[in-house]
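Open your viewer and get ready to click around. We'll start at one residue and then zoom out.

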Amino acid sequence: LLTGAYAQPSLAEKLAFVREHLVLELEITPQAHKALGRAKGLVGQITKGMPQGSLLRNRLNEVKSLDDFTRLVGNYQAAVAA
């Protein structure tokens, strides 16, 4: 705040935030399908401008389980970081 500038978070930091958000959503909203829906909405915002972000968003929209969500985010990170 003092300088009026900030560093953009790294890809790894953004994806860690996505994972943490899902965990927190589950604490607030125990119904998995509702927590998953809210997490998908956040991912849509966070992944804009990321490498292959539109592909990740499209695939996440098709995800039906929490395990598939976390697996897909992990696979995305591994593929983009490679």
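Select leucine 36 first: setting aside its neighbours within four places in sequence, it is in contact with Leu22, Val63, Lys64, Ser65, Leu66 and Phe69 (contact means heavy atoms within 4.5 Å). Before you go on, know that this is a predicted model, where local features need pLDDT of at least 70, side-chain atom pairs count only at pLDDT 80 or more, and totals for chains, interfaces and linings use all residues. Residues are numbered from 1 along each chain as its sequence is written, and side-chain values use heavy atoms, with hydrogens and water left out.

Is leucine 36 buried or exposed? Leucine 36 is buried, with a relative accessible area of 5% (buried means under 20% relative accessible area, exposed over 50%, partly exposed in between, with a 1.4 Å probe and protein chains only).

Helices here are DSSP runs of H or I with at least four residues, strands are E runs of at least two, and both are numbered from the N terminus.

Next, click proline 51. It sits 15 residues from leucine 36 along the chain, and their C-alpha atoms are separated by 23 Å.

Time to zoom out and show the whole protein chain. You'll find four helices and zero strands, in the order α-α-α-α along the sequence. The C-alpha atoms fill a box of roughly 40 × 30 × 15 Å, taken along the principal axes. Of the chain's 82 residues, 30% count as buried. Finally, look at contacts between residues at least 6 apart in sequence: 54% of them join residues at least 24 apart.
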